[in-house]
Amino acid sequence: MRLSILLLFLIACNPVKQVLKDKDKLDKVAEVVVKSGYCANDTTIITKSDTTIQYDTSYLTDTLIDLRTIKDTQYVTLPKKVITRTITIRDTVTNVVVDGARVLLLEKELTKANEDLQEWKALAKARWWYLFWIILFTIVYLLRKPLLKLCLPMLK
């Protein structure tokens, strides 16, 4: 009898079943798993390639000119152009591994952090103005008698 009651409680309080049945609990567990980096199902590898090609051309020029005279005809031989072509290829390949679920989770956290930042900035600005007015009223209160003594002769 006791064993059956104990077995009933163990089966009824199965935390795995509770998580699988409740969407909110499942989302919390998924968030922890994704933050830990265990999820590799939606990992994408992006390959970016950047190629730079440079051409370098140089001409070989000589100032020597060959002149030949055959039967009252002069033949001028100019030097040949020598073209040297050098190709430099710089190839940069970048592989980026992207975990989609983790990126979405980080974007959500970043959005929340930005919203909190804006809230805190507004609160800090409001508190600064409160402090400004408190200091101003305190100065006026402390200096009220000397200010009245200074202003009353001007009014008469």
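The following is a conversation about a predicted model of one protein chain.

Me: What should I know about the model before I start?
Reply: The model is predicted, so local features need pLDDT of at least 70 and side-chain atom pairs count only at pLDDT 80 or more, while totals for chains, interfaces and linings use all residues. Residues are numbered from 1 along each chain as its sequence is written, and side-chain values use heavy atoms, with hydrogens and water left out.

Me: How many helices and strands does the chain have?
Reply: The chain has five helices and four strands. Helices (H or I, at least four residues) and strands (E, at least two) are DSSP runs, numbered from the N terminus. Along the sequence the pattern is α-α-α-β-β-β-β-α-α.

Me: And what share of the residues count as buried?
Reply: Of the 156 residues, 2% count as buried. Buried means under 20% relative accessible area, exposed over 50%, and partly exposed in between (1.4 Å probe, protein chains only).

Me: Where does helix H5 lie, in the open or buried?
Reply: Zero of the twelve residues of H5 are buried, so H5 lies largely in the open. From its first C-alpha to its last, H5 reaches 16 Å, close to the 16 Å expected at 1.5 Å a residue; the expected span is 1.5 Å times one less than the number of residues.

Me: Which residues make the nonpolar surface patch?
Reply: Leu131, Ile135, Ile139, Tyr141, Leu142, Leu143, Leu147, Leu150 and Met154 make a patch of about 940 Å². Helix H4 (100–142) and helix H5 (144–155) are the elements that give two or more residues to it, and H4 gives the most, with five. Patches are made of residues with over 30% relative accessible area and no salt bridge; like charges are joined within 9 Å, and nonpolar side chains (Val, Leu, Ile, Met, Phe, Trp, Tyr) within 5 Å. Accessible areas come from the Shrake-Rupley method with a 1.4 Å probe, and for residues only the protein chains shown count as cover.

Me: What about Leu147?
Reply: Leu147 is in helix H5 and counts as partly exposed, at 41% relative accessibility.

Me: Changing topic: how many aromatic pairs are there?
Reply: A search of the whole structure finds five aromatic pairs. In one of them, the rings of Trp129 and Phe132 have centres 5.6 Å apart and planes at 85 degrees, so the pair is edge-to-face. Rings of Phe, Tyr and Trp (its six-membered ring) pair if their centres lie within 6.5 Å; planes under 30 degrees apart count as stacked, over 60 as edge-to-face and the rest as tilted.

Me: Where do Trp129 and Phe132 sit?
Reply: Both are in helix H4, three residues apart, which separates them by about one helical turn. Phe132 is partly exposed, with a relative accessible area of 34%. The rings of Phe132 and Trp133 also pair edge-to-face, with centres 5.3 Å apart and planes at 70 degrees.

Me: Which residues do ring pairs link into a cluster?
Reply: Trp128, Trp129, Phe132, Trp133 and Phe137 are linked into a cluster by ring pairs.

Me: Last one: which residue forms a salt bridge with Asp116?
Reply: Lys112 does, with the closest N and O atoms 3.5 Å apart. A salt bridge is a side-chain nitrogen of Lys or Arg within 4 Å of a carboxyl oxygen of Asp or Glu. The structure holds one salt bridge. Asp116 and Lys112 both lie in helix H4, four residues apart, about one turn of the helix.
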